[in-house]
Amino acid sequence: MIQSLDVIPRVVKIDVEGAEYAVLKGLRSFISTNSPLIVMEFAASYRGNINHKKAHQLLQDWGYKPFYIDSSGEVNRIESDMDTYLNIIELVSDNIVYKK
């Protein structure tokens with residue numbers, strides 16, 4: 001459908017309550033061709049985040065790095081693992097920006 005409109009999104013927001021991995025697998029061709037920014041929720045481990053972890057690993061395998069948006073709107077690289085990051089900011093989940 002998007003191809004018929006000649007539109008190429010530069011940002012993809014994924015919020016599908018645990019189906020992130022499946023969505024990314026379905027978008028593989030689009031992502032490999034266009035390398036959009038991807039924004040995806042990542043939940044803490046104790047919330048049963050296995051699909052978030054699988055999606056996160058898949059994005060890293062595709063060359064994406066995780067970033068967070070700070071209170072001033074700046075995008076900063078997440079250097080720790082995701083659970084450590086969530087513990088530091090004291091949240092149970094956060095929207096993570098993935099970019100190449």
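Which residue in β4 is the bridge partner of F67?

Mentor: The bridge partner of F67 in β4 is R77. Before going further, note that this is a predicted model, in which local features need pLDDT of at least 70 and side-chain atom pairs count only at pLDDT 80 or more, while totals for chains, interfaces and linings use all residues. Residues are numbered from 1 along each chain as its sequence is written, and side-chain values use heavy atoms, with hydrogens and water left out.

Two strands are called a pair here if DSSP finds at least two bridges between them. Strands are DSSP runs of E with at least two residues, helices are runs of H or I with at least four, and numbering starts from the N terminus. The hairpin of β3 and β4 has five residues between the strands, and G73 in this hairpin takes a positive phi near 90 degrees.

β3 also pairs with β5, in the antiparallel sense and over three bridges. In that pairing K65 has K99 of β5 as its bridge partner. E79 itself lies in the loop between β4 and α5. It counts as exposed because its relative accessibility is 66%; the cut-offs are over 50% relative accessible area for exposed, under 20% for buried and partly exposed in between, with a 1.4 Å probe and protein chains only.

Now the sheet as a whole. Five strands form an open sheet in the order β1-β2-β5-β3-β4, with mixed pairing. β1 (11-14) and β4 (75-77) are the edge strands, each pairing on one side only. From one strand to the next, the twist averages 35 degrees. β1 and β2 (residues 37-43) run parallel and are joined by four bridges, with I14 bridged to M40 in β2. β2 and β5 run antiparallel and are joined by six bridges; here E41 stands opposite N95 in β5. β2 is mostly covered, with six of its seven residues buried.

α4 (residues 50-61) touches β2, β3 (65-69) and β5 (93-99), and its direction makes about 150 degrees with that of β2. α5 (residues 82-89) lies across β2, β3 and β5, running at about 130 degrees to β5. Axes are lines fitted to C-alpha atoms, for helices over the stretch in contact, and angles between N-to-C directions run from 0 to 180 degrees. Contact means heavy atoms within 4.5 Å.

α4 has twelve residues and spans 16 Å from its first C-alpha to its last, close to the 16 Å expected at 1.5 Å a residue (1.5 Å times one less than the number of residues). Its buried residues are H52, A55, H56, L58 and L59. Seen down the axis of α4, they fall within an arc of 160 degrees, so they line one face of the helix (the arc is that of the directions from the helix axis to the C-beta atoms). The buried residues of α4 pack against α2 (20-26), β2, β3, α5 and β5. On the other side of α4, I50 and D61 are exposed. Just after α4, G63 takes a positive phi of about 95 degrees.

As for the setting, the protein has five helices and five strands. From the N terminus on, its elements run α-β-α-α-β-α-β-β-α-β. Of its 100 residues, 31% count as buried. Among contacts with a separation of 6 or more, 63% come from residues 24 or more positions apart.
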